[in-house]
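User: Could we go through a pocket and a surface patch of this model? Please begin with the terms.

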Amino acid sequence: MSSSIYNLETIKTPRLTGLLLDIFTRLLTLPLIGRFILQFLKRKNRVQDVISFAEASHSISDGGELQPLMPLYYPIHEMSSEQSSMHESMVQEYPLDLAQIVFSMSTSSYTTSNTKFRHWTISDYTTRYTNKSITPSLVIERIISSIEEMDNKSIVTHMNVDELRKQAIESTKRYESGVIKGVLDGVPILVKDEIPVVGYPITHGTSFMEEHVTKDIHPIRRLIEEGALIVGKASQHEIGIGTTGYNLVNGTPKNPYGKDRKLHYYTGGSSSGSAAAVSLGLVPLSIGADGGGSIRIPASLCGCIGLKPTFKRIVMDGTMGCSVFSMGPMTNNVDDAALAYSIMAGQTNYDHRHQSQKQPLVHLHAYMKGDKSESKPLDGLRIGIFDEHINHAETNVIKSTRTAIEYYKSKGAIVVPIILPNLHEIHLAHAITITTEMFSTMENYYNSSHFYALSPETRVSLTIGKSWTASEFLASQKIRSFAMHHIEEMFKNKVDVILSPATPCVAPLFKKDAMRCGESNLAQTSALMRYVIHGNLTGIPAIVFPIGYDVETSLPISLQIQAAHWREDLLLHVAKQSEDILKNGIEKPALMPIY
C-alpha cells in the first residue's frame, strides 16, 4: 500500500475508551506533556510530508513554465468559456421546472414494486394528500407520536410541536381548497442541528451551545416556500467532528439495519440523526451537512441516498469547516434527492464574497434526459477506476463494488483506469484544514469550563486542531491547489465520473465500553473517511447509494460516484440508472419503519 502510485496506508493506532481515554485527553492538554504527545503523533503519521510535498511540487503557468504551488483557500471552480456554454445549452434543453420534474419522475425499483419493500417517497405523500386518502395533519400527528415513543433525543433533538401542528393544518386546508403552496406542500422533513432554521436553536450537539436564528438561510427558505413541514432538528455527532454519530448529550442513534437487534451499530456521522430518520422512514427527506463525509458516511452505512453538492452549489456559510463544507439532501430514493437538490441549489447574494455567483444555472440535464428503458442507458460514459484504492477495503465491499462495475459495463459504460496521486498528503491536508477551521470557531469554548462538557473524543480533535502550525496550514492549501488542478484536468480530458466504495466497511459496532464517554479510534475514523476526503478538499460533488448488503449482518454496502464541479445532474443520472443493481430492491430495516 506504500507504492509511489498509491500511498494511502491503513492507520494503526490504539483504540481508547473509558478511563484511559479520559487520562489521555487530559494529558494532551497539558503544556509540556501534551506538546510531546502531539509531536509524537505528527511524526508517526508523517505530517511533515505535507510541507515536503508542498515545497517540492510545482504548477504549470499559462506560458508552460514551472512555478511554485500557490495556496488555494476555497475550492471554487471557475468555468471556462466552453464549460459555461455547455451548461447554458443544457439549461436551454432542459430548463429547471419543479412541476415538470415531479411529473416526469419515472418509476423505480426503489419505490414502486408491489412485492418489494419500499419507504414512502415525497410523491407518495403529495399524491395521497391530493386524493385526500390522508392529510398533512394526520401524518404530522403520527410522526409526533413516533418521536415521543422513542423517548430520547438520539434522532430528533428539538421540535416545535404547536407550530408544526399549525402549519400542518394550514397545509391540509390548502389541499382541501385545491391551491397548494408548492411541490413539497405538507411533506415532513428534518434538518441537521447545525443548520440554521428560524424557531430552532443551534446546539451543534452540545449541552452548552445555543445559537438563536433570526433569518432562514437560502436553501431552507426555498424548502419552506415549496411547502415543506420542518418536523424538527436532527441529531448529530458532537460539533460535527466525528464519523460515528456518538453523542454524549442526546444519545447515539442506532443504525436501523443489522440482523441482530441486540447489537447497536453506529449510523455514522456527523449527520447521524438525519440518516437514521430517513432509513427508518420517519421522514422522506432530511438535510445534512458534509465537511468530511458527514452526509455520505451515515447515508452509506444506513443504506440511504446522500448527495454532497459542489462547494457553494447549495449555499450555507457554516460557522464550522467553512472551506470544506456543503449542505445536501439525504433521501431513500434518487428522485427525491434530485427534487430536493433542485429546490435548494443556486446562486444567492448572501454567501461569503458572493462565491456562489460563479456557478452555472441549476439544471438536471443528464438526469432528465436519461431513460432506463434503453438497453444501454450509460452508453459511452467514462467511469474512472483506481483499482488500488478500491481494493483498500473489506472483501464484502470489494465484491459488491466489482459487481457494480460489471453492471455499468453491461449498460454501455467504459471503464477507464485512473490514478489519484498523493492521497496520503491530500488526506493530511484535509485533516489539517478542517480541524484548524473548527478549532478557530471553538476557541472561546476551548479556553473555558465548557471545554470539559465536551466528550473526550471531541476534546482530542480540537486540541489537535489547535496544534497545527502556520506552515502546516499553508502547505495544506497548496496541496488543495495541486489536488484541484489534477482532478479538474482528469474530468476535462479523461473521465466523466469516478467510482469507489462509499466506505471500506459496513457500519461499525457501538461497543459497551464506548457508551460512557465515547471512543478515540483514529484507525476507524480514517477508514470511514477513506473515499470521501478528496471531494471535500477539492469541492467536487459526490453521491452515495446502496448496492448490496452484508451476508452476515445485513448491514448496507454503498457505492460513491464523483463528478466534475457543477455536474450533479450527471451524478443523479448514474445513481438513477444504478437502482437495478439491487435485484431484490432495498431490504427492510430491522427496526420497523414508521410507515
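Analyst: Helices (H or I, at least four residues) and strands (E, at least two) are DSSP runs, numbered from the N terminus. The model is predicted: local features need pLDDT of at least 70, side-chain atom pairs count only at pLDDT 80 or more, and totals for chains, interfaces and linings use all residues. Residues are numbered from 1 along each chain as its sequence is written, and side-chain values use heavy atoms, leaving out hydrogens and water.

User: Which element gives the largest share of the lining of the second largest pocket?

Analyst: H18 does, with eight residues. Strand S2 (58–60), helix H4 (81–93) and helix H18 (470–493) each supply at least two residues of that lining.

User: And which residues lie nearest the centre of that pocket?

Analyst: His77, Glu78, Gln83, Met484 and Glu488 do, in a lining of 38 residues. By class, the lining holds 17 nonpolar, eleven polar and ten charged residues.

User: Changing topic, which residues make the nonpolar surface patch?

Analyst: Leu19, Ile23, Leu27, Leu30, Leu32 and Ile33 make the patch, about 550 Å² in area.

User: Which helix supplies the largest share of the nonpolar patch?

Analyst: H1 supplies three residues, the largest share. Helix H1 (18–28) and helix H2 (31–44) each give at least two.

User: Is Leu32 buried or exposed?

Analyst: Leu32, in helix H2, is exposed, at 67% relative accessible area; exposed means over 50%, and buried under 20%, with a 1.4 Å probe and protein chains only.

Notes
On a 1 Å grid over the protein atoms alone, a cavity is a set of points where a 1.4 Å probe fits but cannot get out, and a pocket is an open set with protein on both sides within 12 Å along at least five of seven lines; lining residues have an atom within 4 Å of a point. Ala, Val, Leu, Ile, Met, Phe, Trp, Tyr, Cys and Pro count as nonpolar, Asp, Glu, Lys and Arg as charged, and the others, Gly among them, as polar. Patches are made of residues with over 30% relative accessible area and no salt bridge: like charges are joined within 9 Å, nonpolar side chains (Val, Leu, Ile, Met, Phe, Trp, Tyr) within 5 Å. Accessible areas come from the Shrake-Rupley method with a 1.4 Å probe; for residues, only the protein chains shown count as cover. A salt bridge is a side-chain nitrogen of Lys or Arg within 4 Å of a carboxyl oxygen of Asp or Glu.
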